[in-house]
Amino acid sequence: MWDIPVRVFHALLAATCAGAWWTSLDARHLDLHVGVGLAAVGLVAFRALWARIGTRHARLDGLLWAPRAVRSYAAALARGRAPRALGHTPIAGWAAVAALLLVLLLGVTGMAVWSGEQQAGPLSGVLSPRAGVRVHAVHTALAWALLGWIAVHLAGVLKESLRTRENLPRAIVSGWKRTLPGAESVPALARWAALPVLLASGFAALPAATPVTTPVAVATNPAWEGECGSCHLAFPPSLLPARSWERMLDEQDRHFGEDLFLDETTLAPLRAFARSSAAEAGQTEHAVRIADSLGADEAPQRITELRWWAERHADVPAADFTAVGESAELRCAACHPDADRARFDAAEAGVLPPSQGANP
């Protein structure tokens, strides 16, 4: 009833959806997440092709039932008199199409997020970090929608198995179902079994085959590096809003218990750089998220006081901070090798020996 390519597709789609969810839980798995997500898109491409050239129950007319047929089946189901089907029922067919569209939209929005937030991939330079963050919210909503669809799907399979007294999970694995009068078996088409695997693998390999554009360079300033970097990491202005830096420079005579003794001639370029490169400028993903997380009247002075910082580091074990040494929270470069470039890419984060960190 189900040919082998369809069964291989079904197993791989379940695996890629589970893999995409698991790799989304840790930003350090971003590259793997992109590959798994694109593999799922490759499977959708296979299913679209197979709906045209596949066996009878896999074809488009077995999925896209007419509205009248859907209404009639739903009414019969409500009365407990719905007929048993060999292929997709009218409701299940449209549900399957909805799942494929969800996976496709997840792939498209995921590529947009990757290109915008990370400035990587084929759309790098086209979408801004701010656009990437906005699309990320849509991508997350679609992921939850797919998770909800999976829950409903599993419940429906269980209910239909009990109603028809037929093991539907076993049928999608074996391909066989009890016959109906006049029904004929479809060919197994084992020679086509590698097609969904090849398409999934080909799509998953796209990131490696596509030249990744170097991330847009974040603005730097020699005066900022010289004045701030002489004592600690020259924290990039993107980590705080402009009003925070204005206050910090206005209060430079009591800078965390110290007097910086900076005159106005020295302060002027620092103010200008802070205003042009602060979080509101949105030069990086973290800048956009920091600006979004703060109220209009908030002007925090410590980066570690930011809700964004606390959320991003909530899962970092205390031992990792201890390994970095004293004032670990301020030694960004100990875990972020791209700290000096103001990137703070979570995908590159790790714990380095204390000797490789920034000055305490």
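# Exercises on a predicted helical chain

In this model, pLDDT (the predictor's confidence in each residue, from 0 to 100) stays under 50 over residues 351-360, a stretch that has 20 contacts beyond four places in sequence, where contact means heavy atoms within 4.5 Å. The structure is a predicted model: local features need pLDDT of at least 70, side-chain atom pairs count only at pLDDT 80 or more, and totals for chains, interfaces and linings use all residues. Residues are numbered from 1 along each chain as its sequence is written, and side-chain values use heavy atoms, with hydrogens and water left out.

## Exercise 1. Confidence

Find which elements have the lowest and the highest mean pLDDT.

Solution. Start with the chain: its average pLDDT is 86, and 92% of the residues score at least 70. Then go to the elements, where helices (H or I, at least four residues) and strands (E, at least two) are DSSP runs numbered from the N terminus.

## Exercise 2. The cores

Locate I303 and state what it touches in the largest nonpolar core and around it.

Solution. A nonpolar core is a set of buried Ala, Val, Leu, Ile, Met, Phe, Trp, Tyr and Cys residues joined through side-chain atoms within 4.5 Å. Buried means under 20% relative accessible area, exposed over 50%, and partly exposed in between (1.4 Å probe, protein chains only). The largest core has 28 residues, and those with the most contacts inside it are W224, F235, L239, W245, I290, I303 and L306. Helix 9 (222-229), helix 10 (242-250), helix 11 (264-277) and helix 13 each supply at least two of its residues. A second, separate core of 25 residues includes V6, F46, L142 and L189.

I303 lies in the loop between helix 12 (285-293) and helix 13 (307-312). Its relative accessible area is 15%, so I303 is buried. Beyond four places in sequence, I303 is in contact with F235, L239, L240 and W309. The C-alpha atoms of I303 and L239 are separated by 6.8 Å, although these residues are 64 apart along the chain.

## Exercise 3. Positive phi

Decide whether L189 and F261 are buried or exposed.

Solution. L189 has a positive phi near 55 degrees and is not a glycine. L189 sits in the loop between helix 6 (168-174) and helix 7 (194-204). Its relative accessibility is 15%, so L189 is buried. F261, also not a glycine, has a positive phi of about 55 degrees. F261 sits in the loop between helix 10 and helix 11. Its relative accessibility is 69%, so F261 is exposed.
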